[in-house]
Structure formats: C-alpha cells, structure tokens
Amino acid sequence: LAVISLAFCTASASPAVFETAYQAVRSFSSLVSDPTYEEAPYTHTDVGNGIQERTYADKKWACTKKIADEDAESENGDMFWRLFQYINGENSQQKKMEMTVPVTTEVKHVNDKVNLEMCFFIGQEYQSSVPEPNNVKVSVQPAARTIYTRTLGGYMDKYKWEQEAASLKEELTSLGLSFDSSKYYKVGYDSPFKWWNRRNEVWYVKA
C-alpha cells in the first residue's frame, strides 16, 4: 500500500486530522517521492474558460455516507478512515489495495443538514472481483457519469470549496450548460505533503 495513503484525507475530498506521529512520518515521504496513483479513467472535451466535460467509465467505487450538521473536517475524516480501513484489509478477501485517485465527496444540502458521501475509486486490478467491505457503513457501488469541472491548485478548506462550487456554478450557467445544481463534488488528488502542482476540482453532474 502506498506509504502516504493516510495522508489523502487532508488534501482530497476534505481534510482530516492525522491522529498519530507515525502517520505523519509515513506521509512525509511524499515530499521526496511524489508518487503517481492510478486514476479513474475518463475522456474529456474542453467547453471553454478552462472547463472540461468529462465522461467517466462505468467502474466500481467504495463509498460511505454521513448526514451532518455541516460539511466539517471531522465529518470527512470519519468517512475517509472507514474507506482507508477497507482498502487496508478490512474486507472479505483481506486484500490491501493501493490508494487511487480521485477521492470524491458528494455534498448535498437538505434543509438544515448536509448529506455527504465519500468514495474511493477501486483500482483496475480489483474491478472484476471486488472484495466486500467488512464495515456495513461501506458499500461498493458502480458509477458512470458525465461531469463538468475545472482544476485549481493550492490547499483547500471548507470555505474555498464552497467558493469554488459557487463560482463554477455561475460559470456553467453563463455558458448555458445543463447540470444538476442541487449537489456538487469536492474532488482531491494529492497528499497534504505535496506542496506544489496540487490538483483540486469541484464537479457538477451533467443533466
């Protein structure tokens, strides 16, 4: 398993706190190694203003959900840990699967609550025989979708995600594109210790 897997919670679909110095030491290795992770396959078309329309193939993802009062770091950390435990061997085959990208978190506000769903892409090696999760709060789901997105760098927090979601929503509307505005995805690709060329995205699903 890639040595910085635990570190993804900070830079990906929302940060989570490192709970042990051991995790932090392991993650520090990304400063020098900057490894490449298997990425969910897609095709894309540029639609203008730096925005892409992407179509993701029908692949399986490991997902977990939570209903929260707000889209807080602690909520995302809990979900990340469930999924990390799944790929780290808490599954029917006791398989330790490599970390992949992206890590996605669906955000949907319903009344005074926020519905969150975080997912890890399952690598191609396991797509035909996916280990079943031991944790009933983790499920394996097929997903195929077409989305609109653009890439931005730097470190993200709750307010930057919200700002980008609002900005992208406005831009898509101005381009006359049809999309589901009731929810969006926070999407991350990097360890928190990757200090340069960071990749973050907000996704809206094409209607």
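Let me begin with a definition: a residue is called buried under 20% relative accessible area, exposed over 50%, and partly exposed in between, with a 1.4 Å probe and protein chains only.

The model before you is predicted, so local features need pLDDT of at least 70 and side-chain atom pairs count only at pLDDT 80 or more, while totals for chains, interfaces and linings use all residues. Residues are numbered from 1 along each chain as its sequence is written, and side-chain values use heavy atoms, with hydrogens and water left out.

I turn to the aromatic rings. Rings of Phe, Tyr and Trp (its six-membered ring) pair if their centres lie within 6.5 Å; planes under 30 degrees apart count as stacked, over 60 as edge-to-face, and the rest as tilted. This rule gives nine aromatic pairs. One of them joins tyrosine 42 and tyrosine 56 in a tilted arrangement, 5.0 Å from centre to centre and with 40 degrees between the planes. Because tyrosine 42 lies in strand E2 (residues 42–48) and tyrosine 56 in strand E3 (residues 51–68), the pair ties together parts 14 residues apart in sequence. Helices here (H or I, at least four residues) and strands (E, at least two) are DSSP runs, numbered from the N terminus. Tyrosine 42 is partly exposed at 28% relative accessibility, whereas tyrosine 56 is buried at 4%. Phenylalanine 80 pairs with phenylalanine 84: the ring centres are 6.5 Å apart and the planes at 5 degrees, so this pair is stacked.

Over the ring of tyrosine 185 sits the charged end of arginine 145, 5.2 Å from the ring centre. The criterion is that NZ of Lys or CZ of Arg is within 6 Å of the ring centre and within 35 degrees of the ring normal. Arginine 199 likewise has its charged end over the ring of tyrosine 189, 3.7 Å from the centre.

Next, the strands, which pair if DSSP finds at least two bridges between them. Strand E3 and strand E7 (residues 138–152) run antiparallel and are joined by eleven bridges; alanine 62 has valine 140 in E7 as its bridge partner. E7 also pairs with E9 in the antiparallel sense, over six bridges, and arginine 150 stands opposite valine 202 in E9.

Lysine 206 forms one with glutamate 53, the closest N and O atoms being 3.3 Å apart. Since lysine 206 lies in the segment after E9 and glutamate 53 in strand E3, this pair ties together parts 153 residues apart in sequence. Glutamate 201 and arginine 54 meet in another, at 2.7 Å from N to O. Both glutamate 201 and arginine 54 are buried. Aspartate 190 forms a salt bridge with lysine 194; aspartate 190 is buried at 6% relative accessibility, and lysine 194 is buried at 15%. Finally, salt bridges with shared partners join Glu39, Arg54, Arg199 and Glu201 into one network.

Key: A salt bridge is a side-chain nitrogen of Lys or Arg within 4 Å of a carboxyl oxygen of Asp or Glu.
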